[in-house]
Amino acid sequence: MTPSSSAPRPVTTAAEAVGVDVGATKIAAVRVSADGTVVARARRATPRGTAHTLVGAVGDLVTQVRGERVTAVGVGLPGMVDARTGALAFGPGLAFARAPLRALIAEAVGLPVVADNDANAAAWAEYRLGAGRGHDHLVLVTLGTGLGCGVVVAGRLLRGSHGFAAEASHLTVEPGGPLCECGNRGCWGVSASGATIARLGRQAAAARPASLLGRLIDRGSPDAGEAVTEAARGGDRQALEILDRVGTLTGTGLAALANLFDPSVLIVGGGPVSAGELLLAPARASFARRLHSPGDRPPVPVLTARFANDAGAIGAALLALDRLPDDGRPGPRR
Ligand SMILES: [Zn+2]
């Protein structure tokens, strides 16, 4: 059966989707086959300006990577995405809010579009094809500029009544800690994210410029967080302490999520996980201390995410493939 040009194409095993990950500084697009293989990719800086400027940039990227088999587009957005309408209610780092982005992007690209929170998309990538494969109950957190979180419950993304669920970034993990933009202190996103590692790294380097960490950051490493990891591997005491501190607080947050959602696996993603056990060992230790009654439940592993920088874009593409039945409308199940 050959689909006519006017009818939506049936989703088949050969179907592909474009996934777009919109960040505060860059937008990444990938074309993905049903088995998660990235077939094409493109990226560009996030333009400043209105929602229409952003939609134009997303449309350009979709045009660059799309192919004949592409049946849908998934878009991961940084912030609060209305699960019903695909509108962005609030996007930290973006210059606008309350924008009907899914509808605008669908109009621009002429394909069905699914829009979701970027961490939800990343969690979906790990659930479908990554470290959480085979686990119908999982929690993913990504340590980045802030802290992203997605929760899969019984094989579905937990969205809450509006789409704003699983916002772990403002969970208090360090009472009296640094001030968060939300007005509270010690939120996970400011106390134990990728940005925290970079901030503490810069402070430590400024205090001891002759240390290994001070020299690595002075050499102009583009990412202070990467310099912290490199210095920690080289035995720098302060760099090790930074990773230990952020790992410990991350474990505190993970335990709260495990107590709430009873997942069978917790997955940690984002740039800092390249530090490996220097970050994850203290996270697991703190997690074990705070998990309720660990001796009375099966072990809950804390794993590294499979997908790195592509997680949001690949997950958005998989959401689009999974949620769009033949009629092109978002399906009810996911
Ligand atoms: Zn906060």
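Trainee: Which residues of H3 meet H10, and which residues of H10 do they meet?
Mentor: In this predicted model, Asp118, Ala121, Ala122, Ala123, Trp124, Ala125 and Arg128 of H3 meet Ala311, Gly312, Ile314, Gly315, Ala316, Leu318 and Leu319 of H10.

Trainee: And at what angle do H3 and H10 pack?
Mentor: The angle is about 75°, and the axes of H3 and helix H10 (residues 311-323) are 7 Å apart. That makes H3 roughly perpendicular to H10, because angles of 65 to 115 degrees are counted that way.

Trainee: Which strands does H3 lie across?
Mentor: Helix H3 (residues 118-129) lies across S1, S4 and S7, and it runs at about 100° to S7.

Trainee: What is the strand order in the sheet with S7?
Mentor: The order is S3-S2-S1-S4-S7, in an open sheet of 5 strands with mixed pairing. Strand S3 (38-45) and strand S7 (113-117) each have a single partner strand and stand at the edges, so one side of each is left without a neighbour in the sheet. On average, and with direction ignored, neighbouring strands of this sheet are turned by 15° against each other.

Trainee: Which helix lies across S2?
Mentor: Helix H1 (residues 51-65) lies across S2, as well as across S1, S3 and strand S4 (70-77), and its direction is at about 35° to S2.

Trainee: How many residues of S2 are buried?
Mentor: Of the 8 residues in S2, 6 are buried, which leaves the strand mostly covered.

Trainee: How is S2 joined to S1?
Mentor: Strand S1 (residues 16-22) and strand S2 (residues 26-33) run antiparallel and are joined by 7 bridges, with a hairpin of 3 residues leading from S1 to S2. Within this pairing, Asp21 stands opposite Ala28, and the bridge partner of Gly19 is Val30.

Trainee: In what sense does S10 pair with S9?
Mentor: Strand S9 (residues 147-153) and S10 pair in the antiparallel sense over 2 bridges, and Val153 stands opposite Arg156 in S10.

Trainee: What span should H8 have, and how far apart are its ends?
Mentor: At 1.5 Å a residue, the 25 residues of helix H8 (residues 237-261) should span 36 Å, and the end C-alpha atoms are 36 Å apart, which agrees. Just after H8, Asp262 takes a positive phi of about 50°.

Trainee: Last one, what radius of gyration does the chain have?
Mentor: The chain has 20 Å, which agrees with the value near 20 Å for a compact globule of 334 residues. Its C-alpha atoms fill a box of roughly 65 × 50 × 35 Å along the principal axes, and buried residues make up 50% of the chain.

Technical notes. Residues numbered from 1 in each chain as written. Predicted model: local features only at pLDDT ≥ 70, side-chain atom pairs only at ≥ 80, totals over all residues. Pairing = 2+ DSSP bridges. Helix = DSSP H or I, 4+ residues; strand = E, 2+ residues; numbered from the N terminus. Axes fitted to C-alpha atoms, helices over the stretch in contact; angles between N-to-C directions. Contact = placed C-beta atoms within 7 Å. Rg over C-alpha atoms; globule rule 2.2 N^0.38 Å. Buried ≥ 20, exposed ≤ 12 C-beta atoms within 10 Å, placed from the backbone. Expected span 1.5 Å × (residues − 1). Parallel < 35°, antiparallel > 145°, perpendicular 65-115°, else oblique.
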